[in-house]
Amino acid sequence: MDLPLLSALFLMFALTMYVMLDGFDLGVGVLLLPQRDQQVRNRMVDAIAPTWDGNETWLIMAALTLLAGFPLAYGILVPAFYIPVVLMLLSLGLRGVSFEFRHNSATSRRRWDFVFAGGSLIAAWAQGLVVGGLIQGVDTDLDSFGGSPLDAFSPFCLLAGVTVVAGYATLGVGWLRLKGEDATRAFARRHQRWLPLAFLGMTIITGAIAISIQPNLAVSWRDHRIALSCCLIAFAACGLGIAWLAGRDDVDDRIGFGLALAMMLSGVVALGLSFFPYVIPFRITLWQAASAASTQEFLLIGALVVTPVVLAYSAFAYKVFRGRTPAEGWY
Amino acid sequence: MHDLDPLILARLQFAFTISFHIIFPTISIGLALFLAIVEALWLKTGDLVYRQIYRFWLNIFAMSFGIGVVTGIVMSFQFGLTFAKFAQLAGPVIGPLIGYEALTAFFLEAGFLGIMLFGESRVGPKLHFFATCMVALGTTISTAWILAANSWMQTPAGVAWDHGRLIVTDWWRVIDNPSWSVRLPHMLLAAYLTAAFLVSGVSAWYLLRGRETTFARRTLSLGMAAACILIAAQVFVGDHVGTTLVKYQPAKLQAAEGWWDKTTPSPTPYLWIIVPDQAGQRNRFQMGTPYFGSIWLTRSLHGTIGGLRNTPVDQQPRMVLVFYSFKIMLALGMTMFTIAVISLWLRWHGRLYSARWFLRTLVVMTPSGVVATLGGWYMAEIGRQPFVITGMMRTADAVSPVPAATLLSTLIAFVCVYAVFFGAFLIFTLRLIRRGPVGLPPHALPSGSLKRDLRPEIAGVQPYLSGTE
């Protein structure tokens, strides 16, 4: 059996879970910025408070799968994206503690909300820098990173960062419309009309530039043209669908959020396919970076046995907090 | 900036982020068990004081858990940020261990934490208690995995070299390496002791001010009873940790005891203060208790031990750091032991809640568990130097290829942001303590609400309070 391929699939699974789940958490955080009403802000944070921790755990899972399954790549990629990774970690940290701190303070709550929103924005943007950096390519020197820590701050990467923010915000409005009532829902409805279109447009622009600066991408896209076309059509259809349905009140709010998840999923799958079979795009394949079979086996047994249990009680946690967030909060 | 040493900066950044991180899991491992016990007592007896204790500590638990989570995410990347060569060599060994930690502990804690904090009115008391237990179980499982990973770095086993790579030959020996089975209970007991002294210290503060006496007496009683059992167990386990060191990491123990001579004088004094001269391989000054070293370390009046010169100079840790880290932990452990004994005597005479000098001591001891735990970890980690994996990889060979200036700027950024975390945590915790559990209705709210009562500034506008006050 091709163990490294299985590990890579598990890595992609964890990353996809992260992007979809923490994506909407971060998106809700970003959306605090244009929201001035303190009551609505409280409802927005309440909508993600009980489950954010589990969503973020998928990021740890992905990082550790990379460390265990592809240590060579972990040791190159983390130093390569040193500054974006530190930016992301500090922002996720500030945002994470704001959940508790804003809850414990009334006088400084606005300030913690700003930290919360700013942390969400920078974390999302920093993740986009990494995506951009992967597309433009990482300089390697034997087993080490050979470039400069500022490589990931090229104009292209900055643009990719904004695209990811738009994507997370699209997920965020979907979740808010689903969980919110009255003013919160109306706020979500308003922004749901343009955010998916912005995400779609930004992705098209980013993709067009990507192909001009990274010739390997064109080769890769020719190799997977059918699967990639399906993904891109699904991506565009979901984006247009959300924007079209946003104005209608006779449609279940779950459909808008489901389409946002599908949009993000097709985007992540497309990106994964473009990089396949490289773990460091167009330089080191997943088989070259893979750890020995004894590690892959041990990791995969755990992943296959425990992940269904994790998914089961995570789903239970969502079920406990199903429905619209109570107007007085969870407390 | 070309004269900055990336090795020192990488070590400082790793040390700072992990030292800061470990404070919060230590508190939350202990508090999670405490909360589970208190909730069990509440369900069993129906005594409302237990419920009040649960509510009060839940909020402090939530804050320390939150900081533990976000600083923990940092650690899963820190291996690559600062020690990428270590990650590439040891990733196949410790990566799956920490991966299992995420799978079996982090998700468990995260899944049930939401229910523990926000869900009581939605799931009912039994399921809520189950959620508390799952969070407590998660913290314990998490400790087991991370201690397996760290203990493997201390006393590696179950691996073989293959063309410059490490290949795992036996996973059970990697996990149950020679030091795991003693270091795991040592750390768990440390965390439980931390919580015991934390809750006792806060209760003592209330008793000294004559506030919240019912609440404070019950908490103090629980905390000190736990401390008595825990410190007795810790003395026993700590001794076993020492025995393991003699066998597998002698240099660490040699440095921790402060002797350089190949064979110490007979009888050996027990050293308390030293001014070591690492280059000269001697102490400029030393002070100790006569005979005590022989009695304690060799269980005989005239026994001798080996000093650090038994270890080749290029494999020695820095004695001054290891020695004082160990002595801080040891001194605090001995103080805790003394306090536990005194508490039994006071309890016997019915003065546990009234002996003001004792209560004042407990207030001073509130953070003692955290300090002792940090001391122990510094001894463990600095004592392993110059290796990052004992005998297999030197720390100097493990550093990431990141420019020193970049390392320095992110170190400063981590210090600044973590200072915000720490400051806010202290301010909010002290505010909650100053406010106290007073103002809470002594009965459960119809909504089953747990946390609403504790929001200090907002409590006044709660409908049920404005109705009754």
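The following dialogue examines how terms are applied to a predicted model.

Tutor: Residues are numbered from 1 along each chain as its sequence is written, and chains are lettered from A and ligands numbered from 1 in the order in which they are written. Because this is a predicted model, local features need pLDDT of at least 70 and side-chain atom pairs count only at pLDDT 80 or more, while totals for chains, interfaces and linings use all residues.

Student: What makes α6(B) and α12(B) roughly antiparallel?

Tutor: Helix α6 (residues 180-208) of chain B and helix α12 (residues 368-382) of chain B pack at an angle of about 155 degrees, with axes 7 Å apart. Axes are lines fitted to C-alpha atoms, for helices over the stretch in contact, and angles run from 0 to 180 degrees between N-to-C directions. Angles over 145 degrees count as roughly antiparallel, and therefore this pair is given that name.

Student: Why is chain A called as compact as a globular protein of its length?

Tutor: The radius of gyration, taken over C-alpha atoms, is set against the globule rule, 2.2 Å times the number of residues to the power 0.38. For 331 residues the rule gives 20 Å, and the radius of gyration of chain A is 20 Å, so chain A is as compact as such a protein.

Student: How many residues of chain B are in contact with chain A?

Tutor: There are 59 of them, and they are in contact with 60 residues of chain A. The largest share of the side of chain B that touches chain A, 22 residues, comes from α3(B). By class, that side has 37 nonpolar, 16 polar and six charged residues.

Student: What share of chain A is made up of buried residues?

Tutor: A residue is buried if 20 or more other C-beta atoms, placed from the backbone, lie within 10 Å of its own. Buried residues make up 59% of the 331 residues in chain A.

Student: How many residues has the largest nonpolar core?

Tutor: A nonpolar core is a set of buried Ala, Val, Leu, Ile, Met, Phe, Trp, Tyr and Cys residues joined through C-beta atoms within 7 Å. The largest has 264 residues, and those with the most contacts inside it include A:Ala62 and B:Trp57. Helix α3(B) gives the most to this core, with 23 residues.

Notes. Two residues are in contact if their C-beta atoms, placed from the backbone, lie within 7 Å. Helices (H or I, at least four residues) and strands (E, at least two) are DSSP runs, numbered from the N terminus. Ala, Val, Leu, Ile, Met, Phe, Trp, Tyr, Cys and Pro count as nonpolar, Asp, Glu, Lys and Arg as charged, and the others, Gly among them, as polar. Angles under 35 degrees count as roughly parallel, over 145 as roughly antiparallel, 65 to 115 as roughly perpendicular and the rest as oblique. A residue is buried if 20 or more other C-beta atoms lie within 10 Å of its own, exposed if 12 or fewer, and partly exposed in between; C-beta atoms are placed from the backbone.
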